[in-house]
Amino acid sequence: MTVRATDARRAAVLGSPIAHSLSPVLHRAAYGELGLDNWSYDRFDVDEAGLPGFFKDLGPEWAGLSLTMPLKRAVIPLLDEISETAASVDAVNTVVFTEDGRRVGDNTDIPGMVAALREHGIEQVDSAAILGAGATASSALAALSRVCTGEVVAYVRSEARAAEMRQWGKRLDVEVRTADWADAAEGLRAPLVFATTPAGTTDALASAVPERPATLFDVLYDPWPTTLAARWSAYGGAVVSGLDLLVHQAVLQVEAMTGRGISVGVVRAAGESALDAKAV
């Protein structure tokens, strides 16, 4: 799908809460590098109830939207089409408005995760672990369907969550075994560990990091590093961060919305600068 990069186009990130989002920083940096001086990218606090009304008011100047929680599933009925990637996890984080007025949904989180892993030299693993079972965990499982050749163990807090992860495994054709969160420390010995839980949830696991850890993909980026990621790095393990994911999925969004490619380095530098400024 090609979208013409015309003048005075608009894009934005929607979600609730949204004030913390780095997406405007990343996309604006990309527009600057691409010379799209008349493109704008904003953020809007929109919840599920307000989403249909927001869509109704959009004009032809809109090129696309980025979506975060709680809108990734709520948006699907408002779209004309969604990609196979988005359909695989029932989650859309990118909407592109085509020149003929169609609303097309995609999911750049999944290929963004795969790209972030490859950037760190992870092309394939024979097993993996996922800490958590929320929406991000299902995207992680979809990413693992592309890089993991064996079993994925998901550490969860309830049987309901366990059943959900096993169902996602069947849908994505991934061998999933579930285990109780109380045993999550065992998962840290996997060749690849995805931490998909909210801030602070994995702090208690830091003391259980093995002496020679492999690779941790911690989807958080602020505050950074997490307690788990800091211990992992101190023990010599490789760490893929939430900023890595955010950057790679943003690059894919920019390309989808503008029809033009952008350097990962440009977008990453903007994100790092914003986080450094926040930390001061």
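Q: Before we start, how are residues numbered, and which pLDDT do local features need?
A: Residues count from 1 along each chain as its sequence is written. Because the model is predicted, local features need pLDDT of at least 70 and side-chain atom pairs count only at pLDDT 80 or more, while totals for chains, interfaces and linings use all residues, and side-chain values use heavy atoms, leaving out hydrogens and water.

Q: Is the peptide bond from D222 to P223 cis or trans?
A: As a general idea, most peptide bonds are trans. The bond from D222 to P223 is cis, with omega near 0 degrees.

Q: Which residue does a cis peptide bond join to W224?
A: That partner is P225, and omega is about 0 degrees there.

Q: Where do P223 and P225 lie?
A: P223 sits in the loop between strand 11 (215–218) and helix 8 (227–234). P225 lies in the loop between strand 11 and helix 8 too. Helices (H or I, at least four residues) and strands (E, at least two) are DSSP runs, numbered from the N terminus.

Q: What is phi at D90 and at D173?
A: Most residues other than glycine have a negative phi. D90 is not a glycine, yet has a positive phi of about 50 degrees. D173, also a residue other than glycine, has a positive phi near 60 degrees.
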